[in-house]
Amino acid sequence: MYEPIRTRSVHSMAESPAYPHRSREDELDIQLAGHLSALLAVTDELALATAADRIATEVARLRGAPPARHTALSGTDPAALHRRAHALAGRALVVAASRADTTVAILAAERMDAHAASIDELRLAVA
């Protein structure tokens, strides 16, 4: 009838994985550090030194090493930079909330408020 199976199934679980696995917490730390690093670059470009230093402290805590800092100015419109920073802070807030990192969540919410206020001020100045 049928020939017996002589090899292991490709669907069986491997005994020892050939590559390292990261936990969900590790993945969230990496993602959060990435969002904060991007926010740091925009914050540095906006010359908001105090906020940038607070963000850099959190990036260093998550990565275990100090982040690279943004030194060159791109000449981008400040309103566009504030919108970008607001969006990045929102992403950081979502990830911080999912990993229950209260410190970063508060920092991200403060940055969102600050950038939203700056966007409104720039909008009123143009009008």
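I began with burial: buried means under 20% relative accessible area, exposed over 50%, and partly exposed in between (1.4 Å probe, protein chains only). I also noted that this is a predicted model, where local features need pLDDT of at least 70, side-chain atom pairs count only at pLDDT 80 or more, and totals for chains, interfaces and linings use all residues. Residues are numbered from 1 along each chain as its sequence is written, and side-chain values use heavy atoms, with hydrogens and water left out.

**Overall**

I found four helices and zero strands in the protein chain; helices (H or I, at least four residues) and strands (E, at least two) are DSSP runs, numbered from the N terminus. Of the 127 residues in the protein chain, 34% are buried. I then turned to contacts, meaning heavy atoms within 4.5 Å. Among those between residues at least 6 apart in sequence, 70% join residues at least 24 apart.

**Helix α4**

Which residues of α4 are buried? I listed Val104, Ala105, Leu107, Ala108, Arg111, Met112, His115, Ser118 and Ile119. Their cover includes α1, α2 and α3.

Aspartate 120 sits in helix α4 and is partly exposed, at 40% relative accessible area.

**The core**

I looked for nonpolar cores, which are sets of buried Ala, Val, Leu, Ile, Met, Phe, Trp, Tyr and Cys residues joined through side-chain atoms within 4.5 Å. The largest has 25 residues, and Leu32, Leu36, Leu39, Val42 and Ile55 have the most contacts inside it. Each of α1, α2 (49–63), α3 and α4 supplies at least two residues of this core. Beyond its neighbours within four places in sequence, leucine 36 touches Ile55, Glu58, Val59, Leu62, Ala92 and Val104.

**Arginine 99**

Is arginine 99 buried or exposed? Arginine 99 counts as buried because its relative accessibility is 16%. I placed arginine 99 in the loop between α3 (78–98) and α4 (102–126). Its contacts, leaving aside neighbours within four places in sequence, are Glu25, Leu28, Asp29, Leu32 and Leu62.
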